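Please read this report alongside the sequence and the coordinates.

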Amino acid sequence: MGATLTARLAAVTRSLGALAIAATTIAIVLLLLGASPLAVFADLWRGAFGNWLAATDTLVKATPLVFTGLAIAIAFQGALWNIGADGQLVIGALVAGAIGPALGGWPHPIAMLAMIAAGAAGGAAWGGLAGWLRARREVNEVISTIMLNFVAVQILSWAVHGPLMEPSRSFPKSVVIAPVAQFGFYLEPSRLNLGMGLGLVVAVGCHLGLFHSAAGFELRALGRNRRASAFFGIPIARLTMGTMMLSGALAGVGGAVQVSAITHRLYETMSPGWGYEAIAVALVARLNPLAIVPAAILFGALDNGSQAMQRADAVSPVLVNVIQGMVIIILVAFDALAARGIRTTLWGGAEGAGGTVATGAAAEAGDA
Amino acid sequence: MLEAFLASTIAMATPILLAALGELIVERSGVLNIGIEGAMLVGAFCGLAATYFSGSIALGLLAACAAAVALNALLALLVVNFAVNQVVAGTAIDILALGLTGVFYRQWFGVTGSAITISPMRPIALGPLARIPVIGPVLFDQSALVYLAFALVPIVALTISRTRYGLELRAAGERPEAADALGLGVYRLRWQALMIAGVLSGLAGAYLTMAYANTFVEGISAGRGYVALSVVIVGRWNAWGVGAASIMFGAAIALQFGLQAFGSAIPYQFFLALPYALTLIVLAFMGGQADAPSALGAPYPRA
């Protein structure tokens, strides 16, 4: 817990500053395109928080981002560049969606737990595959997780066109999961569900694990200096495997929650890119698990608001991608500038021999 | 039948090959460029838009290259000068490109049902060669970008292995400190590599919209930039290998279209996943880093 209050404030200021610069740039782009930035931002806000239903749906849309954001934060803390949260979420959803219809007759809480466990297992297997390749075969996890994302999408597509397809076989979607496996909504017509609550609990758990456990300490040490970690006897291979499995499990639970709470069955597309968006979420949160929740809500609000913006202003909802990309770029540039004069920058350690991808120091959130 | 399959293979291989040759040069200089998907995408969009508005294929190609070069310049600033994490920066470039092309497409061409189209780049028949049965139309009656892509394979191979520039490039990718100590200028070499890759991925994107689809849809690059990343690995960081791997992956994609049309028992998803699964298998068996440039992916903050 070495970070001073000033350092934390500086980190928060940088995150907010990055968002402000992104918003200003986008306003200029919108002006150039002949759209009114004020109207666009107003509609974004209305769509995200304009009324009770919009605000609750922002929380619903933020839920998968909490899980994928945590997945990225945990992996990045150990300088394991997991770009595969998307595929891990998809496989988690697939396993949960596959067992879901068979859970009829189970007690409600047990069935829901089974869904979550299935999602975690699927995601852990997919993340663990990349972890194994890294730990045992020296395969760059960046490349393997990107490849696994594409393989996962095709497996899901095959499953909903083939073995899991609904009996009428008219659309590529699976059988509805058993009602006992569904989360159910609170305060209908809102779609509020157990998912966000579960996300909060998991975020607290990740925070405790990362900052108050021996394994968390080792992980952060690994992220800061791989060579020194090896020297001090940290079991790097086991830690790499374990972290990638945990990271995958977190994303996989996100997929299972989406099936249990929202879709209740599998479709050809289960993620609009939550695994990639999670990188922006995790960086804005400075890789701090507790800060992941507000950061996820922020990006969930953008996703939710973009629907209203699209209808009212005829601006493509992928404007949200522009914001995400810019926020990441501005944040890493900020960090680089702040670290100028110091030999090792925040996002890239000087160490790099052995062909690892930027075995860099993890973010300053590690001090928190 | 065979002719159609071979022609389709070449058509599928060309954009992958162009992008992968650019990625090869960048990786040999020590930078892992995940942003290649984004560079292809802006190339695809700007090439189509410029051709649509100007009616000129040449201006379209120029715009495609310029846009991809500009995007790579942003990436170079981040990963070379600021020495930020190359994976994070590259992913941001991909997300940004998807957003920018989507927003501009919607703003300029609207959402109305019919997609905008252009008159595409015409195939250029190479005289009597084009009349050879089967391989003639496949190899010698293609768009100029196809000839360029395949002509670049020996050029890039020889440049990297036989020229002074190639030696400097490899030095930057293997031992940046040593290269800098010799006054070779690692920053300059990595910038140059990213600019060359910008031109090549711009052309790769332009091929998609201007020679193949003749239109644009959001995210038209559809992961081909990531396939190019695989091609460089499977080709073991060697231009000849990259050429062979591009043709192999092009054939896998072409096979998928063919089998879908003939109602094969093998699910088409198998072929769509094949390039990625193959890369994983190659990596698992050959070991990830054996032939990779030693400093690949490591930021090099100059002291």
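Predicted model: local features only at pLDDT ≥ 70, side-chain atom pairs only at ≥ 80, totals over all residues.

Residues are numbered from 1 along each chain as its sequence is written, chains are lettered from A and ligands numbered from 1 in the order in which they are written, and side-chain values use heavy atoms, with hydrogens and water left out.

## Cavities

Rolling a probe the size of a water molecule over the atoms shows where empty space is left. Here a cavity is a set of points, on a 1 Å grid over the protein atoms alone, where a 1.4 Å probe fits but cannot get out; lining residues have an atom within 4 Å of a point. Grid points are joined across faces, edges and corners, and a volume is the space filled by probe spheres set on the points.

The whole structure holds 4 cavities of 30 Å³ or more. The second largest cavity has a volume of about 50 Å³. What lines the second largest cavity? Chain A supplies Ile26(A), Val29(A), Leu30(A), Leu319(A) and Val322(A). Chain B supplies Leu100(B), Val103(B) and Phe104(B). Three helices each give at least two lining residues: H1 (5-32) and H13 (319-338) of chain A, and H4 (86-109) of chain B. Helices are DSSP runs (H or I, at least four residues), numbered from the N terminus. The lining divides into 8 nonpolar residues, no polar and no charged. Nonpolar covers Ala, Val, Leu, Ile, Met, Phe, Trp, Tyr, Cys and Pro; charged covers Asp, Glu, Lys and Arg; the others, Gly among them, are polar.

## Aromatic pairs in chain B

Rings of Phe, Tyr and Trp (its six-membered ring) pair if their centres lie within 6.5 Å; planes under 30 degrees apart count as stacked, over 60 as edge-to-face and the rest as tilted. The count comes to 17 aromatic pairs over all chains. Two pairs share Phe45(B).

| Pair | Centre distance | Plane angle | Class |
|---|---|---|---|
| Phe45(B) and Tyr105(B) | 6.5 Å | 75 degrees | edge-to-face |
| Phe45(B) and Phe216(B) | 5.2 Å | 70 degrees | edge-to-face |

Phe45(B) lies in helix H2 and Tyr105(B) in helix H4 of chain B, so their pair ties together parts 60 residues apart in sequence. The partner Phe216(B) sits in the loop between helix H9 (186-212) and helix H10 (224-234) of chain B, 171 residues from Phe45(B).

Buried means under 20% relative accessible area, exposed over 50%, and partly exposed in between (1.4 Å probe, protein chains only). Phe45(B) is buried at 4%. Phe216(B) is buried at 0%. Tyr105(B) is buried as well. One aromatic cluster takes in Phe45(B), Tyr52(B), Phe53(B), Phe104(B), Tyr105(B), Trp108(B), Phe109(B) and Phe216(B).

## Single residues and their contacts

Contact means heavy atoms within 4.5 Å. The contacts below leave aside neighbours within four places in sequence.

Ser29(B) sits in the loop between helix H1 (2-28) and helix H2 (36-54) of chain B. Is Ser29(B) buried or exposed? It is buried, at 0% relative accessible area. Ser29(B) contacts Leu169(B), Ala172(B), Gly173(B), Leu189(B), Arg190(B) and Ala193(B).

Thr58(A) lies in helix H3 (residues 52-77) of chain A. Its relative accessible area is 0%, so Thr58(A) is buried. Its contacts include Ala48(A), Phe49(A) and Asn304(A).

Ala222(B) lies in the loop between H9 and H10 of chain B. At 53% relative accessibility, Ala222(B) is exposed. Ala222(B) contacts Glu37(B) and Tyr276(B).

## Cysteines

A disulfide is a pair of cysteine sulfur atoms within 2.5 Å. The structure holds 0 disulfides over all chains. For Cys46(B), the nearest cysteine sulfur is that of Cys65(B), 11 Å away. Cys46(B) is partly exposed, at 25%. Cys206(A) is buried, at 9%.

## Backbone geometry

The peptide bond from Glu188(A) to Pro189(A) is cis, with omega near 15 degrees. Pro189(A) is in the loop between helix H6 (141-161) and helix H7 (194-211) of chain A.

Arg169(A) is not a glycine, yet has a positive phi of about 55 degrees. Arg169(A) is found in the loop between H6 and H7 of chain A. It is partly exposed, at 47%. Trp237(B), also not a glycine, has a positive phi of about 55 degrees. Trp237(B) lies in the loop between H10 and helix H11 (239-261) of chain B. It is buried, at 4%.

Technical notes. 1 Å grid on protein atoms, 1.4 Å probe; cavity = no way out; pocket = protein on both sides within 12 Å on 5 of 7 lines; lining within 4 Å.
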